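Dear colleague,

Please read the notes with the coordinates open beside you.

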Amino acid sequence: MEATAKLNGKEKPSGSADLKNESQTNSFTHTTQVTFPIGVKLAIIIGFIVLVSLGSVTVLNSHFIGEDVQITAENSNLSINTRASSTVEDKLSTVRSNVFQLLDLLNVAGGGRNAAIARQAEAFFFERNQDIASIFILSADSISRRNSTDVRIMNNRFFIVLQAEKLLP
């Protein structure tokens, strides 16, 4: 079935030239101005998408890198603490060994701590171990009273050097 239209009392097919002329006469007679060009709208939309994507990438990057930095810092702190504790443990072990060696030497020396060899051993010990201030071997009840079995050996040179360092500018 062919579409027909009545123009001036005559039927003509819908694809005829008369229909085209009539549609041209019925077209808008006034022109409309574009208040906001489509190019500007497109630029604003693309700019917004770019800003949102850059912001989200920045936030995600900061989050994941922040976690990575925190884990790295914790591992670094753990390894530093492990090395420091190992160094301190070795130093304390060395000091303990040296002190026991001195005490053994003092026990073997005849005449007790007042003997010349005992005083000389103490002097040599503190000369070689200048960072030791004193040696105290105390019994369990020494907190409340002083016992004759307690051993108290002081490094006077340590305190003299410490006092001299405080006086220097």
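**Aromatic rings and their surroundings**

In this model, which is predicted, helix α4 spans residues 156-167 and contains Phe159. With a relative accessibility of 36%, Phe159 counts as partly exposed, because values between 20% and 50% fall in that class. Phe159 also contributes to a nonpolar surface patch of about 440 Å², which is made together with Phe136, Leu138, Met154 and Leu162.

How many aromatic pairs does the count come to? The count comes to two aromatic pairs. One of them is formed by Phe125 and Phe126, whose ring centres lie 5.2 Å apart with 75° between the planes, an edge-to-face arrangement. Phe125 has a relative accessibility of 7% and therefore counts as buried, and Phe126, with a relative accessible area of 6%, is buried as well. The rings of Phe158 and Phe159 also form a pair, with centres 5.3 Å apart, and this pair is edge-to-face because the planes stand at 90°, where over 60 degrees is what that label requires. Phe158, at 25% relative accessibility, counts as partly exposed, as does Phe159 at 36%.

Two arginines are placed over phenylalanine rings. Arg128 lies over the face of Phe124, at 5.3 Å from the ring centre, while the charged end of Arg152 sits over the ring of Phe136, 5.2 Å from its centre.

Key:
Residues numbered from 1 in each chain as written. Predicted model: local features only at pLDDT ≥ 70, side-chain atom pairs only at ≥ 80, totals over all residues. Heavy atoms only, no water. Phe/Tyr/Trp six-rings, centres within 6.5 Å; stacked < 30°, edge-to-face > 60°. Buried < 20%, exposed > 50% of the residue type's maximum accessible area, 1.4 Å probe, protein only. Lys NZ or Arg CZ within 6 Å of the ring centre and 35° of its normal. Patch = residues over 30% accessible without salt bridge, like charges linked within 9 Å, V, L, I, M, F, W, Y side chains within 5 Å. Areas by Shrake-Rupley, 256 points an atom, 1.4 Å probe, with all protein chains shown as cover. Salt bridge = Lys/Arg side-chain N within 4 Å of Asp/Glu carboxyl O. Helix = DSSP H or I, 4+ residues; strand = E, 2+ residues; numbered from the N terminus.
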